Amino acid sequence: MLSDEKRNRFLQLLKESTKDEWVWMSGYLAAITQASIAGSSVDVSLTPPVSIDSGTEGNLKTQPIQCSVVYGTETGNSKKLGTELVKKLKELGVSAKLKSTDTYKAKDLKEEEYLFVIVSTHGDGEPPQAAKPFIQILVDSKESLSKVKFAVLGLGDTSYPLFCQTGEDVDSMLSKLGAERIQPLGKCDVDFDLVAKPWMSELISKLNTHSKTATSQTSKPTQAPAAKPASGGKVVYEGSVVTNIVLNDVGASKSTRHIEIKTTVPIDYQPGDSAGFLAYNRDEEVNRILSLLKTDRETRVTYKGETWMAYDLFRKKVSVRFLPDRVIQKYAGLVGKEIPSGKTDLDVLLTLHTSENKLELQSLVDILEPIVPRYYSIASSPSAHGEDEVHLTVAEVEIETFTGLKSGFCSGFLAELKEGDVVPFFIQRNNSFRLPSPDTDIIMIGPGTGIAPFRSFLFEREQNSGNGRNWLFFGERNFVSDFYYQTELLELMDTGVLHKLNAAFSRDTKQKVYVQDRMGENAAELLKWIENGAVIYLCGSKDPMSKDVDRKLIEILTERTFDTEKDASDYLKELEEMGRYIKDVY
Ligand code: NAP
């Protein structure tokens, strides 16, 4: 279709462009093609915005500018200014995230669109301790930041010779890396507002004139996931673990992990969805079973019509941990022995209850059940954390067996994953557990790992802000060791995303305090939010937590709004039916 000369120029351009530029070009082409099909005049200049007419609104949408405000602070002033700037940017309708220099991720740098750094200088021109990791990222960065626009505000003290040195260093490093300075470095003295306020106003008025439109296609996966369809039609993603940390602090009586898994393709999910995992049995456990069965790894065996190698079958397909009583009793039949009821593992059965005759491998395999997926609510937001990442909040469960406490099958498997390990997973949709319109208030009740979907909700709402307020009830055992995502939650409060946070720590006091106690203490306001149309979400353990929260809501409604408990309970049911009281409990 193209002449040779045009084709060569086109291919040359593609060769010289990055993947991100291809995405931009394909979005640009899709938009002008769409507009031309719709009959509107198209201005083919190389600078967006692409002209959009009302007839094409369904395909084209305006995207807010994406800003990151990164603060490096010694005494809290840079953070205060950063928070103020984020608020102003949001008022402008711009998407803005507040980030700290000590937790900034190197991989985010080249992805930034607008990067605003507010950093103080300490003593004799030194960066504050918290800013050092960010400065190291700039020092180590080898990639061009030619797509990043930036501005730096330095805080300092003119009585020192190297006034605002760190601000100057960051400003010049970003420029040397190819980023585009959209405003000169601002240098604040001790009375920082004198310079900071006009510097921010100038920045805001500059951003006000920048607009950006693109096709909705640029933010959606343009590529079919390079992942296999699982049985049941689900797409199985191959993710690699980038973070696996314990959220609890030293001295905690439990262990809950934050796990981040990254893929090379976009993951099709929404806040509220879960990730499903098919864990493997441990290598040493499988080898123990094979040795007890006196069977080679390569021995062929049939399971549900498919032929397997014995090792692979025991490693990936059949469940050998916490066997239910129905399996134990079938095993008892096979070996001709009486075995008491209770959960136990296959290797324990094979050790304690041996057969007088040789136990046939095939007969044993025939009574075993397949490994079933375990689901974990996703704790990340595709808009905030990227479409190629899912985050999980996983409690390491301990299960009582014949032979003592053992770690949970899937939570143990996930806990042992190391950075770089590849793990397959799929998305389990939860269409009833969705955010309402951005202007609706939400009340989130999430003790323990129940906080996971609400972290996703809050980050999603930070990106797509509306007038809806957000209230979180969180509960765990101890304040000092178990306040998951505390720093993030406080930052979300500072930036006005999270409006109310009530935490209950059950094991800090003699008398246990639970989320429902905090709800009772805030009953009047809770009712006001509900009357105002708030949607209530509940996530976490089903029994007894979710039942007790139900009871508390009924109690609050009975005391303050309804004549009888029955009326209050009917009203709560009505809220459930209307999708205004939504639960994801396990
Ligand atoms: P949890 O055991 O539910 O504890 C969280 C907090 O809730 C603690 O302070 C606990 O207090 C408190 N609590 C206990 N009973 C309560 C009640 N009746 N009402 C209100 N609060 C109550 O925390 P978790 O670690 O999230 O464990 C939840 C369970 O869900 C685990 O057994 C896990 O197997 C399962 N699960 C987890 C996941 C996941 O990790 N994403 C997924 C599926 C299933 P006290 O303990 O001090 O009483």
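Predicted model: local features only at pLDDT ≥ 70, side-chain atom pairs only at ≥ 80, totals over all residues.
Start with the second largest pocket. Its volume is about 1,200 Å³. The lining of this pocket counts 41 residues, and Lys254, Ala395, Thr449, Glu476 and Ser541 are the closest to its centre. By type, the lining residues divide into 17 nonpolar, 15 polar and nine charged.

Several elements build this lining. At least two residues each come from strands E15 (374-377), E16 (389-395), E17 (398-401) and E21 (470-476), and from helices H13 (409-415), H17 (515-521) and H19 (542-560). Strand E15 gives the most, with four residues.

Look next at Lys254. This residue sits in the loop between strand E10 (235-246) and strand E11 (256-262). Lys254 has a relative accessible area of 26%, so it counts as partly exposed. Along the sequence, Lys254 and Ala395 are 141 residues apart. In space, their C-alpha atoms are 8.0 Å apart.

Most peptide bonds are trans.

Now turn to the aromatic rings. The structure holds 22 aromatic pairs. Ring pairs join Phe474, Phe479, Phe483, Tyr484 and Phe505 into a cluster. Two arginines also lie over ring faces. Arg297 is over the face of Tyr311, 3.9 Å from the ring centre. Arg469 is over the face of Trp529, at 4.1 Å from the ring centre.

What of the cysteines? A disulfide is a covalent bond between the sulfur atoms of two cysteines. This structure holds zero disulfides. Cys67 has a relative accessible area of 3%, under the 20% cut-off, so this residue is buried. Cys410 is buried too, at 3% relative accessibility. Cys164 counts as buried because its relative accessibility is 1%.

Cys164 also brings us to the backbone. Most residues other than glycine have a negative phi. Which way does phi of Cys164 go, positive or negative? The value is positive, near 55°. Cys164 lies in the loop between strand E5 (149-155) and helix H5 (165-176).

Phe322 is another non-glycine residue with a positive phi, of about 50°. This phenylalanine is found in the loop between helix H8 (310-317) and helix H9 (325-335). Phe322 is at 10% relative accessibility, and therefore counts as buried.

Conventions: Residues numbered from 1 in each chain as written. Heavy atoms only, no water. 1 Å grid on protein atoms, 1.4 Å probe; cavity = no way out; pocket = protein on both sides within 12 Å on 5 of 7 lines; lining within 4 Å. Points joined across faces, edges and corners; volume = space filled by probe spheres on them. Nonpolar A, V, L, I, M, F, W, Y, C, P; charged D, E, K, R; others polar. Phe/Tyr/Trp six-rings, centres within 6.5 Å; stacked < 30°, edge-to-face > 60°. Lys NZ or Arg CZ within 6 Å of the ring centre and 35° of its normal. Disulfide = S-S within 2.5 Å. Buried < 20%, exposed > 50% of the residue type's maximum accessible area, 1.4 Å probe, protein only.
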